[in-house]
Amino acid sequence: MTAAPEKNRTDGAVLPALRCPACTLVIYPRTASICPRCSMKELETYGAAADGRIWTYTVQRFPPKSPPYSPAGEFAPFVVAYVETGDGIRIEGILSGVDAANVHIGMEVSLESCTDVPRYVPARGGTS
Ligand SMILES: [Zn+2]
């Protein structure tokens, strides 16, 4: 993953993904060597939309056993969300900057960083 989300699109940050030129499926992270939908073997690099809406979420209330979700310091509960982006992919990440009681499905979020795991914050001007 990149150290920070790329900002070369006018509609927000992008993530380094792959796209199938035959069926347009977007694949993130870049783990596939063939398209899982149509078996096309030549995938192209693609800057996938990083921002989106919360598809679902949960609150992690105990320390995870292993990285990348295990915290560096003292544990505090945090929100783990699946964010559905404008490219139709769902990205698991940590949501911060909002109390867990105020998180809801459909909430607009923006990618803040992607150094270890994707980290999201509520979108400015979004529905929060
Ligand atoms: Zn395909």
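Student: Hi! How many residues sit between β6 and β7 in the hairpin?
Tutor: In this predicted model, 4 residues separate β6 from β7 in the hairpin. G88 lies in the turn and has a positive phi of about 80 degrees.

Student: And how many bridges join the two strands?
Tutor: There are 6 bridges between β6 (residues 78-85) and β7 (residues 90-95), and the strands run antiparallel. E84 has R90 as its bridge partner in β7, and V79 has L95.

Student: Which other strand pairs with β6?
Tutor: Strand β5 (residues 52-60) does, in the antiparallel sense, over 8 bridges. One example is G52, whose bridge partner in β6 is T85.

Student: Zooming out, what's the strand order in the barrel?
Tutor: The order is β5-β6-β7-β9-β8, with 5 strands closing the barrel and mixed pairing. On average, neighbouring strands of this sheet are turned by 50 degrees against each other, ignoring direction.

Student: New topic: which residues have the most contacts inside the largest nonpolar core?
Tutor: Those are L15, A48 and A50, in a core of 22 residues. The elements giving two or more residues to this core are β2 (12-19), β4 (44-49), β6, β7 and β8 (108-113). β2 supplies the largest share, 4 residues.

Student: Which domains does that core draw on?
Tutor: At least three residues come from each of domain 1 (6-48) and domain 2 (50-122).

Methods. Residues are numbered from 1 along each chain as its sequence is written. This is a predicted model: local features need pLDDT of at least 70, side-chain atom pairs count only at pLDDT 80 or more; totals for chains, interfaces and linings use all residues. Two strands pair if DSSP finds at least two bridges between them. Axes are lines fitted to C-alpha atoms, for helices over the stretch in contact, and angles run from 0 to 180 degrees between N-to-C directions. A nonpolar core is a set of buried Ala, Val, Leu, Ile, Met, Phe, Trp, Tyr and Cys residues joined through C-beta atoms within 7 Å. A residue is buried if 20 or more other C-beta atoms lie within 10 Å of its own, exposed if 12 or fewer, and partly exposed in between; C-beta atoms are placed from the backbone. Domain bounds come from an automatic or database domain assignment.
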